[in-house]
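Subject: Structure handover

Hi,

Here is the structure for your files. My notes on what turned up follow below it.

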Number of protein chains: 2
Amino acid sequence: MRRTRDTSNGRQRVLDAAAERLVAQGYTATTLREIAADVGIKAGSIYHHFDSKEDLFIEVFSRGIEVMVEAFESIDASPDLCDTVNDRIELYVRAHLGALFEHGSYTAAHVTAFFTAPNELRSAIVPLRDDYEHRWNSLLADVLLDVEASRLPLARLFLFGAMNTTIEWFDPLGDLSLDGLANLITVQFLEGVHSLNLQRSTQ
Amino acid sequence: MRRTRDTSNGRQRVLDAAAERLVAQGYTATTLREIAADVGIKAGSIYHHFDSKEDLFIEVFSRGIEVMVEAFESIDASPDLCDTVNDRIELYVRAHLGALFEHGSYTAAHVTAFFTAPNELRSAIVPLRDDYEHRWNSLLADVLLDVEASRLPLARLFLFGAMNTTIEWFDPLGDLSLDGLANLITVQFLEGVHSLNLQRSTQ
DNA sequence: GTCTATAGGGAGATAGAC
DNA sequence: GTCTATCTCCCTATAGAC
């Protein structure tokens, strides 16, 4: 594998460092000086790659969603990997968790630090977030034909809540594997969502 | 109702303003100048009430947990309000959501901004968090006798994930009431948690 | 592509008058 | 209990040398 001279390498390392700092500290607490030090350059040099701090972090957050979308689409592309509806959903849950824990810090940065970013930056990212959420809503509507459709968007929010907060406590090196975690979340979600059919309409 | 001269009133208003700013902006982005302006005083005056920014926010976060604990204990104190296990859990879920949406911004501030605060501050709060989480683990263990006990701590984490992220999307003025939300979350959680008994052991 | 040097602004915190 | 004034520090961002 030939290693060509990659001019974007420095830029990439800045992005990686920014994502890691975001997870640990949030937006405002993360300084360009720290990021530069992590990479081994000076703060001013970052402006050769990005126009501003906001510009840099827009790219980090966007990449965080792209990682999730790519994981989601990789399941879409192989629709015959499993037999049952439950197993199919579990694949998507596993992909989402994989984006959080196995493909760098970008998705983790997005999930933990998005709400610590300035409003203007968030506005630029919201359409991408909406797109990913829409994919999930469509998936659930296509697959859970026996569940009242109007309940699914709310159920998805509960599912996202359970999945995304794993970033606060799950240890990939602990006893429970990501596969095991995906299985547990999926089973609990699917049993729960089916129960909504039996439920009295809400006040 | 006689209105006595209350020397802690100014202090209380600073705390309230700090909690609201925390929800909107996170720890580092919230400045003492802003908080002072919200209250109608100058930044330097805050130091008459608190030793430091960190000191002020420790009190905000602590109060956020106290509100949850008080809501939890108010259910403990009236154990004969309902017949079934499900209804009983629903009362606690409703109390937790009430702390998030109906008793000021303190609990919301804690849930959204805790991880944006400096490490030293977080360390001071962690024992209080642990205490509240322990109450929930005990509650579930006492009440869900038919569920394998080792699964309950994980199930509680899923439940907290679903409850706490409602702060990102739930609108108390919308069509769905807090009672309705509590009912939906509880039903989905309980059906899901019972399904764990049937599940293969995880890898 | 990275450096040094620095401009310009805003943060937390303190001292002392009122 | 609040004010004004100010100290000190660190941030983002820019300019120009190498």
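Some conventions before the rest. This is a predicted model, in which local features need pLDDT of at least 70 and side-chain atom pairs count only at pLDDT 80 or more, while totals for chains, interfaces and linings use all residues. Residues are numbered from 1 along each chain as its sequence is written, chains are lettered from A and ligands numbered from 1 in the order in which they are written, and side-chain values use heavy atoms, with hydrogens and water left out.

Contact here means heavy atoms within 4.5 Å.

Chain A gives 37 residues to the contact, and chain B gives 37 residues. Together the two chains bury about 3300 Å², with 65% of it on carbon and sulfur atoms. Buried area is the accessible area (1.4 Å probe) that two parts lose on being put together, summed over both. Of the area that chain A buries against chain B, 21% comes from A:F158, A:L184 and A:Q188, more than from any other three residues.

How many salt bridges are there between chain A and chain B? The count is 0. A salt bridge is a side-chain nitrogen of Lys or Arg within 4 Å of a carboxyl oxygen of Asp or Glu.

**Salt bridges**

Over all chains, the structure holds 20 salt bridges. One of them joins the side chains of A:R11 and A:E59, at 2.3 Å from N to O. A:R11 is in helix α1 (residues 9-25) of chain A and A:E59 is in helix α3 (residues 53-76) of chain A, 48 residues apart. Helices are DSSP runs (H or I, at least four residues), numbered from the N terminus. A:R11 is partly exposed at 26% relative accessible area. A:E59 is partly exposed too, at 28%.

In chain B, B:D38 bridges to B:R21, with the closest N and O atoms 2.7 Å apart. Here B:D38 sits in helix α2 (residues 32-39) of chain B and B:R21 in helix α1 (residues 9-25) of chain B, 17 residues apart. Both ends are partly exposed: B:D38 has 40% relative accessibility, and B:R21 has a relative accessible area of 22%.

B:R156 pairs with B:E133, and their closest N and O atoms are 3.8 Å apart. B:R156 is in helix α7 (residues 152-164) of chain B and B:E133 in helix α6 of chain B, so this bridge ties together parts 23 residues apart in sequence. B:R156 is buried at 5% relative accessibility. B:E133 is partly exposed at 22%. Over in chain A, shared partners join A:R21, A:E34 and A:D38 into one salt-bridge network.

B:R156 has a further contact. Its charged end sits over the ring of B:F160, 4.5 Å from the ring centre. The rule is NZ of Lys or CZ of Arg within 6 Å of the ring centre and within 35 degrees of the ring normal. In chain A, the charged end of A:K53 sits over the ring of A:Y27, 4.7 Å from its centre.

**Aromatic pairs**

Rings of Phe, Tyr and Trp (its six-membered ring) pair if their centres lie within 6.5 Å; planes under 30 degrees apart count as stacked, over 60 as edge-to-face and the rest as tilted. That rule gives 24 aromatic pairs over all chains. In one of them, the rings of A:Y132 and A:F160 have centres 5.9 Å apart and planes at 45 degrees, so the pair is tilted. A:Y132 belongs to helix α6 (residues 119-143) of chain A and A:F160 to helix α7 (residues 152-164) of chain A, 28 residues apart. A:Y132 is buried at 2% relative accessible area. A:F160 is buried at 9%.

Back to B:F72 and B:W136: their ring centres are 5.9 Å apart and their planes at 65 degrees, so the pair is edge-to-face. B:F72 lies in helix α3 (residues 53-76) of chain B and B:W136 in helix α6 (residues 119-143) of chain B, 64 residues apart. In chain A, one aromatic cluster takes in A:F72, A:Y92, A:Y132, A:W136 and A:F160.

Best wishes

How values were computed:
Helices (H or I, at least four residues) and strands (E, at least two) are DSSP runs, numbered from the N terminus. Buried means under 20% relative accessible area, exposed over 50%, partly exposed in between (1.4 Å probe, protein chains only).
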